[in-house]
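Please study the sequence and the structure before reading each solution.

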Amino acid sequence: MTAEFGDGTRVVHAVSGEPGDPFGAQPVFASAFHLGGPDYYGRAGNPTWRSLEDALGSLEGGECVVFPSGMAAISTLLRTVLSSGDTLVVPSDGYFLTRKFVSEMDVEVVEVPTAGPYPSFDGVKLVLLETPSNPGLDVCDIAALADAAHAAGALLAVDNTTATPLGQRPLELGADIVVASDTKAVAGHSDVLFGHVTMASPELATRVRDARTLNGAIPGPFESWLVLRGLGTLDLRLARQAENAAAIYSLLKGRVAGLRWPGAAEDPSYLVAAQQMRRFNGVLTFELDDVAAVDAFLARSKLVSAATSFGGLHSTADRRAQFGDPVPAGLVRFSAGCEDTQDLVADVSQALGLV
């Protein structure tokens, strides 16, 4: 599906069909195939994977390789690109398990806040960004950092989990690689773990795909189909989630500390985000006084559940400090779901005692 169509059309028609075909790709459950076709063994390839890879690749403008989780995707990428002694730049405020993983690799790790300032990339092999960052929601200029990385001979990768392929297209901004956890908004229904890597270079994509075959980090066909099914409604879900996030931001503005949402004109990230993001989503953060305040908020809410994920149909709140993020104890990552906006605003208002 070409870029001349809108987002809703592109995700609905991401998988094409011929007369007599079912609508959408169906899961193919096979470990072995009759030789002579594109597939020969279930660890090396599967038709359902390819349908999803084609769909995600078309949205991001590169060649996609899918994985059974976001961590499987990023860890395979890092092991493929980096060798012993290489230097890697990572966000100091990004997903904490990525930092934990690279700390155990035999590489030199330089941690930089997403908002910068960034050091020289001389001697760096790979620059990894996460924008908007998770959970702080800071934003960096992908195009400017891609230029700086390439001038120094480094590759630039962007963790695009928070933004999604509809919210941001890093490859079009100069990045070499996109990595994401599709467990979140892409699949969108809190029922599957999944991840992918999309690359501008077909040669690098081949290396990553070969690494997947070798290390066995392969997704199941049913899980791949669940992500494909979820992808078809991504446009609709993002629209409602962003609408709800904007309404919650308006409700909380001036009433809680540390309120962040890149889609708000007052947010420190807004100017850069508005230049490079095509649309905003439903993730915002704010701070309550302490653990007890967060617990009380969740206990009083009828619609917001405690969960350590985001991008799903249901509104959720995650107190990130409990999972190791270096943030205040009362910081809440709030994922606005697809509930009716007026219902969600009323519920959050009463749960926080704002009425």
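**Exercise 1.** Determine how many aromatic pairs a search of the whole structure finds, and classify the pair of Phe286 and Phe334.

*Solution.* Rings of Phe, Tyr and Trp (its six-membered ring) pair if their centres lie within 6.5 Å; planes under 30 degrees apart count as stacked, over 60 as edge-to-face and the rest as tilted. The ring centres of Phe286 and Phe334 are 6.3 Å apart and their planes stand at 40°, so this pair is tilted.

This is a predicted model, in which local features need pLDDT of at least 70 and side-chain atom pairs count only at pLDDT 80 or more, while totals for chains, interfaces and linings use all residues. Residues are numbered from 1 along each chain as its sequence is written, and side-chain values use heavy atoms, with hydrogens and water left out.

**Exercise 2.** State whether Phe286 is buried or exposed, and locate both partners in the chain.

*Solution.* Buried means under 20% relative accessible area, exposed over 50%, and partly exposed in between (1.4 Å probe, protein chains only). Phe286 has 0% relative accessibility and therefore counts as buried; Phe334, at 0%, is also buried. Phe286 belongs to strand β9 and Phe334 to strand β12, 48 residues apart (strands are DSSP runs of E, at least two residues, numbered from the N terminus).

**Exercise 3.** Identify residues that Phe297 touches.

*Solution.* Contact means heavy atoms within 4.5 Å. Leaving aside residues up to four places away in sequence, Phe297 touches several residues, including Phe286, Phe334 and Val348.

Key: Helix = DSSP H or I, 4+ residues; strand = E, 2+ residues; numbered from the N terminus.
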